[in-house]
Amino acid sequence: METPVVIPIHDPLITSVNAAQGAVAGSDVQPVNLVHDRLDAVSDAWLDELALGLSEQGWMTLDVRARLGSELLAALQKEVQILDRTDAMKKAGIGRGNDLMRDRSVRRDKIAWLQGITAPQAALFEFFEAIRQGVNQRLFLGLKRFETHYATYHPGDFYKKHLDSFQGRASRVVSLVLYLNEDWQASDGGALQVFNRDIEHEACGTVLPEAGRMALFMSEEIPHEVLPANRTRYSLACWFRQDEVPLPL
């Protein structure tokens, strides 16, 4: 089994690791039993399904509540809620390093990078690593690592149509979004709008950000946007990358 390489990008303009660690370690976090084999949850048949969806349509959406377990999803939701109300999350930007811009006409969410420092995060990282290996074995994408962050959209927040990676960058290759919102209704807004990779401006899918719902898509091929939220919306974004180390700041 290959050794996983997980190197999140620690951009001081985006998040403070110490602040985030202190927030999720506070007294509001209750111990949870996360004894659930994430590798058993990621079966060969399920990985075949992921690979088929990515290769044929370029994107797909799945319900992973049963695979991750309600306790883990609830624990992740609790973490992002604590980070949000303790101001440990920072306004997200566009670009990286010296090219980072915070254009509130394009996106208005707040984010906090995950470091795998808590039990819920460690369990989630196992799940993502199994996906990385499984997709690599089936599609030969050369995915070497992943990075992931929490995201919060308050009422009125959005993220306009965009791609997660520019063509030919060989950095972010596959994108994954996991939603953490209970009892979400269509009237709550905040849906993920997915566009056809072959027909410009044609929407081909809408994903409600309900707890346990996951979206997976090719980062360089699938345009998407987050529609304005009408209530606070929590999610977790992950990118599977081909580069071995973060880009220099």
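Axes are lines fitted to C-alpha atoms, for helices over the stretch in contact, and angles run from 0 to 180 degrees between N-to-C directions. In this predicted model, helices H3 (residues 44–56) and H6 (residues 119–139) pack with their axes 9 Å apart, at an angle of about 65 degrees. The briefing covers the sheet, two of its strands, and the helices.

**The sheet**

- Seven strands form an open sheet with antiparallel pairing, in the order S1-S9-S6-S11-S4-S3-S2.
- S1 and strand S2 (90–91) are at the edges with a single partner strand each, so one side of each has no neighbour in the sheet.
- Helix H3 packs on this sheet and touches S1, S6 and S9. The direction of H3 makes about 150 degrees with that of S1.
- Helix H5 (residues 70–85) lies across strand S3 (110–113), strand S4 (145–153), S6 and strand S11 (233–241). H5 runs at about 65 degrees to S4.

**Strand S9**

- Strand S1 (residues 59–63) runs antiparallel to S9 and is joined to it by 5 bridges. Within this part of the sheet, Thr61 has Ala215 in S9 as its bridge partner.
- Strand S6 (residues 172–179) is also antiparallel to S9, with 5 bridges between them. Leu178 stands opposite Met214 in S9.

**Strand S11**

- S11 is largely enclosed by the rest of the structure, because 9 of its 9 residues are buried.
- From S11, Arg233, Ser235, Ala237, Trp239 and Arg241 point one way. Tyr234, Leu236, Cys238 and Phe240 point the other way, and all of these residues are buried.
- S4 pairs with S11 in the antiparallel sense over 9 bridges. The bridge partner of Tyr150 is Leu236 in S11.
- S6 pairs with S11 over 7 bridges, again in the antiparallel sense. Here Leu176 stands opposite Cys238 in S11.

**Helix H3 against helix H6**

- H3 and H6 cross in a right-handed way.
- On the H3 side, the residues in contact are Asp44, Trp46, Leu47, Asp48, Leu50, Ala51, Leu54 and Ser55.
- On the H6 side, they are Phe127, Ala130, Ile131, Gly134, Val135, Arg138 and Leu139.
- By class, the contact of H3 with H6 has 10 nonpolar, 2 polar and 3 charged residues.

**Helix H5 against helix H6**

- H5 and H6 pack at an angle of about 125 degrees, and their axes are 9 Å apart.
- This angle makes H5 oblique to H6, because angles of 65 to 115 degrees count as roughly perpendicular and those over 145 as roughly antiparallel.
- The crossing of H5 and H6 is left-handed.
- H5 contributes Leu72, Ala75, Leu76 and Glu79 to the contact, and H6 contributes Pro120, Gln121, Ala123 and Leu124.
- By class, the contact of H5 with H6 has 6 nonpolar, 1 polar and 1 charged residues.

Note on methods: Residues are numbered from 1 along each chain as its sequence is written. This is a predicted model: local features need pLDDT of at least 70, side-chain atom pairs count only at pLDDT 80 or more; totals for chains, interfaces and linings use all residues. Side-chain values use heavy atoms; hydrogens and water are left out. Two strands pair if DSSP finds at least two bridges between them. Helices (H or I, at least four residues) and strands (E, at least two) are DSSP runs, numbered from the N terminus. Contact means heavy atoms within 4.5 Å. A crossing is left-handed if the near helix is turned anticlockwise from the far one by less than a right angle, and right-handed if clockwise. Ala, Val, Leu, Ile, Met, Phe, Trp, Tyr, Cys and Pro count as nonpolar, Asp, Glu, Lys and Arg as charged, and the others, Gly among them, as polar. Angles under 35 degrees count as roughly parallel, over 145 as roughly antiparallel, 65 to 115 as roughly perpendicular and the rest as oblique. Buried means under 20% relative accessible area, exposed over 50%, partly exposed in between (1.4 Å probe, protein chains only).
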